Amino acid sequence: MSRPKIFVTRPSVPKEGIDLLRKRFDVEVYGEEKPIQRDALLRGVAGKQGLLCLLTDPIDKEVLDAAGPELKVIATMSVGFDHIDLEECKKRNILVSNTPHVSTDSVAEFTVLLTLAAGRRLFDASKAIKNGEWVHSWSPLWLCGQGLKGATVGIVGMGRIGQAVLKRLLPFGIEKALYYDVFHPIKPAEDMGAVYAPFDDLLQQSDFVLALCNLSEETRGVFNKRAFGKMKSTAVFINTSRGGVVNQDDLYDALRSGRIRAAGLDVMVPEPLPKDHKLTTLPNIALLPHVASAEVSVRIEMAEMAAENIINALSGKPMVSSVY
């Protein structure tokens, strides 16, 4: 009896996950280290029982048609799954899984790192040496930024990552933590001292505004001209959630005009962001290439979880992390 066939869309998926699959299945791995080309995806998925994909791989009706009726499970090596047409998968009884929880601590740690870096002008200071701008040994107000001690921090989206960020912020001596979430009250956050605030109130009061919300029709572009107009002129805006929650044209205008003081983004639209994008011309923004969860140990755990989801699904067992 032939073994089930699995298609993996990137060769850099950690070998620990691929090795788990190879013990039980025939595994085909796309050979190029870049997002898979559409025609290669359509060819590769044909006749497969399982698909291990990434956020960069749109899995829509055309892909599912190309796969055919044998496809039983799709495992994305990511927390997000908005690149997968869930309704179409449900119609075809295709199981879908993601890799939640694994990167929570990593993303939370990175969010605090980016908050401090943008607030304290870390990247400006680094560039100052490279650009030959350090011409005096010390100046009282040169490259002064704003730290967390005594600050009001507003967190938009108080899920697992929001709570993990809050836990890490408290030792810095913040004055107040506000949160906005469509679901509230959120007891674990409030047990740590966070106070629920309506969205506008959070924007008006916060020294740091952290976007940690999911991307949905309600949150798409929610950080726009109106939102930036509500913030303090000294506010720092951070986004480690999804690029689509920000209107980047409005963010550019807010930063360029001094409407807000600084920003730090790990996610943006499009990805990759072109090197000549207008956001890259601003001195008061820190741009990172979607690396909040970029720890080797985290990537290995994500690959293993995705593999285990496929193994369980094709063995008739409950998946570790089912999307629905």
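A polar contact is a pair of N or O atoms within 3.5 Å, where, within protein, one atom must be able to donate a hydrogen and the other to accept it, and residues adjacent in sequence count only if both atoms are side-chain atoms. The model is predicted, so local features need pLDDT of at least 70 and side-chain atom pairs count only at pLDDT 80 or more, while totals for chains, interfaces and linings use all residues. Residues are numbered from 1 along each chain as its sequence is written, and side-chain values use heavy atoms, with hydrogens and water left out.

**D207**
- The side chain of D207 makes such a polar contact with the side chain of K232, at 2.9 Å.
- D207 counts as buried because its relative accessibility is 11%, where buried means under 20% relative accessible area, exposed over 50% and partly exposed in between (1.4 Å probe, protein chains only).
- Apart from neighbours within four places in sequence, D207 is in contact (heavy atoms within 4.5 Å) with residues including Q146, A151, T152 and K232.

**S106**
- S106 sits in helix α5, helices being DSSP runs of H or I with at least four residues, and strands runs of E with at least two, numbered from the N terminus.
- With a relative accessible area of 5%, S106 is buried.
- The side chain of S106 makes a polar contact with the side chain of E295, at 2.8 Å.
- Not counting residues up to four places away in sequence, S106 touches A292, S293, A294, E295 and V298.
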